Amino acid sequence: FDYTRLVAASDFISLMTYSQHTANTPPGPIASLKWIRRMVQAAIEQGIPPRQLSVGIPTYSTHWYPIGGTTLDSIRVSGGEIHHRDALQLLHEAHGSVTLHWDESHGVSHAILDTEPGHVWEYLYLEDAKSFEAKLKILHDDPIFAEIRGISVWALGTEDPEIWSVVRRVIAPPPQPSAAGNEEYQRPIHTAPQVLHEE
């Protein structure tokens, strides 16, 4: 891409910092924390000013499942985006035999499902309020994100409804009393980014 021309022609650029793993890769996080940081650093090094950069955060989950033939040699694994509610349904259908494991380094929960005992494993990477907050936290705490314009979300309608509680608490905290004692909102010096739009 010609980033110089894109920057000149754009109010801001929404960076697709997700789809780290897809149907065409082995199972893995949609957007691990270290990967998001590397993508943003690379974009800045390519010449995109941080104040014109919107960081993409996924709200969909991904399910990997076997497709193909009837023998182990002919089966392959594919993956697809699913809504949060459908991910919860998958876990429910496992009848309590599956446990979600939180991966602190990646900032996401995952589970391995055996929906048909004795067959090929299925994998679920769950983007929910906890993973959403983990991503907002690195945007807030890591200096590389200090001047970014905000965040973009892909895609509204697929999300865990609880992310909106996270948004209200982390991005748009309630007004705090000022030194004069009134209720005027005092913006912190270093805040999480503003939510801009749905991509």
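Ser19 is placed in the loop between strand 1 (13-15) and helix 2 (33-45); helices (H or I, at least four residues) and strands (E, at least two) are DSSP runs, numbered from the N terminus. The model is predicted, so local features need pLDDT of at least 70 and side-chain atom pairs count only at pLDDT 80 or more, while totals for chains, interfaces and linings use all residues. Residues are numbered from 1 along each chain as its sequence is written, and side-chain values use heavy atoms, with hydrogens and water left out.

**Backbone geometry**

- Ser19 is not a glycine, yet its phi is positive, at about 60 degrees.
- Ser19 is partly exposed, with a relative accessible area of 24%; buried means under 20% relative accessible area, exposed over 50%, and partly exposed in between (1.4 Å probe, protein chains only).
- The peptide bond between Trp154 and Ala155 is cis, with omega about 0 degrees.
- Ala155 belongs to the loop between strand 8 (150-154) and helix 5 (163-171).

**Helix 4**

- Helix 4 (residues 129-141) contains 13 residues and reaches 18 Å from its first C-alpha to its last.
- This span is close to the expected 18 Å, where the expected value is 1.5 Å times one less than the number of residues.
- The buried residues of helix 4 are Ala129, Ser131, Phe132, Ala134, Lys135, Leu136, Ile138 and Leu139.

**Salt bridges**

- Side chains of opposite charge can pair when their charged atoms come close.
- The count comes to four salt bridges, each defined as a side-chain nitrogen of Lys or Arg within 4 Å of a carboxyl oxygen of Asp or Glu.
- One of them joins Asp142 and Arg37, whose closest N and O atoms are 2.6 Å apart.
- Asp142 lies in the loop between helix 4 and strand 8 and Arg37 in helix 2, so this pair ties together parts that are 105 residues apart in sequence.
- Asp142 counts as buried at 16% relative accessibility, whereas Arg37 is partly exposed at 32%.
- Another salt bridge links Glu133 with Arg169, the closest N and O atoms being 2.8 Å apart.
- Because Glu133 lies in helix 4 and Arg169 in helix 5, the pair ties together parts 36 residues apart in sequence.
- Glu133 is partly exposed, at 28% relative accessibility.
- Lys135 and Glu127 also meet through their side chains in a salt bridge, at 3.0 Å from N to O.
- Lys135 is buried at a relative accessible area of 1%, and Glu127 is likewise buried at 2%.
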